[in-house]
Amino acid sequence: RGPQPTLPTTALATLLAAGELHLPKGDDPYFSDNLAHIPDINVTGASFYTLTWERQMPVEQLSAECREQQTDRAWLRLEGVNYRASRASLGGLPLPTPPP
């Protein structure tokens, strides 16, 4: 599951905020030579940077938005995914994802 972020953010920022990644000169990756101390994904493996983030929306809010738009359909837009989202689910059920 991993640390829960405050959105919007990145996996790197979440790991830094949760204290799971320590840089020698503070939490700013762009300060001094901190970038050189960020583990490379080719060394750590993808699981190091793989996080699961959840957001819950009450059904009542979704229903109200559908009524406002005069439709029976709702769109799930995953905005802000700046690299890759390999899985998405709705109500615990996996949603189809486009091929890579």
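The accessible surface of the protein chain comes to about 8700 Å², and 54% of it belongs to carbon and sulfur atoms. Accessible areas here come from the Shrake-Rupley method with a 1.4 Å probe, and for residues only the protein chains shown count as cover. This is a predicted model, in which local features need pLDDT of at least 70 and side-chain atom pairs count only at pLDDT 80 or more, while totals for chains, interfaces and linings use all residues. Residues are numbered from 1 along each chain as its sequence is written, and side-chain values use heavy atoms, with hydrogens and water left out.

The secondary structure of the protein chain consists of three helices and two strands. Read from the N terminus, the order is α-α-α-β-β. Helices (H or I, at least four residues) and strands (E, at least two) are DSSP runs, numbered from the N terminus. Of the 100 residues in the chain, 14% are buried. Buried means under 20% relative accessible area, exposed means over 50%, and partly exposed lies in between (1.4 Å probe, protein chains only). Among contacts with a separation of 6 or more, 34% join residues 24 or more positions apart; a contact means heavy atoms within 4.5 Å.

The loop between helix 1 (11-17) and helix 2 (41-44) holds P29. P29 has a relative accessible area of 13%, so it counts as buried. Leaving out residues up to four places away in sequence, P29 touches L12, L16, L23, N34, L35 and I38. P29 and L16 are 13 residues apart in sequence, and their C-alpha atoms are 9.1 Å apart in space.

N34 lies in the loop between helix 1 and helix 2. N34 is buried because its relative accessible area is 0%. What does the side chain of N34 reach at 3.4 Å? It reaches the backbone oxygen of G26. A polar atom of the N34 side chain also lies 2.8 Å from the backbone oxygen of D28. A polar contact is a pair of N or O atoms within 3.5 Å; within protein, one must be able to donate a hydrogen and the other to accept it, and residues adjacent in sequence count only if both atoms are side-chain atoms. Apart from neighbours within four places in sequence, N34 is in contact with L23, P24, K25, G26, D28 and P29.

K25 also takes part in a salt bridge, joining its side chain to that of D33 (3.4 Å, N to O). Side chains of opposite charge can pair when their charged atoms come close. A salt bridge is a side-chain nitrogen of Lys or Arg within 4 Å of a carboxyl oxygen of Asp or Glu, and the count by this rule is one. K25 has 41% relative accessibility, so it is partly exposed. D33 is partly exposed too, at 34%.

The next topic is aromatic rings. Rings of Phe, Tyr and Trp (its six-membered ring) pair if their centres lie within 6.5 Å; planes under 30 degrees apart count as stacked, over 60 as edge-to-face and the rest as tilted. The count by this rule is one aromatic pair. F48 and Y49 form this edge-to-face pair, 4.8 Å centre to centre with 85° between the planes. F48 is partly exposed because its relative accessibility is 27%, whereas Y49, at 19%, is buried.
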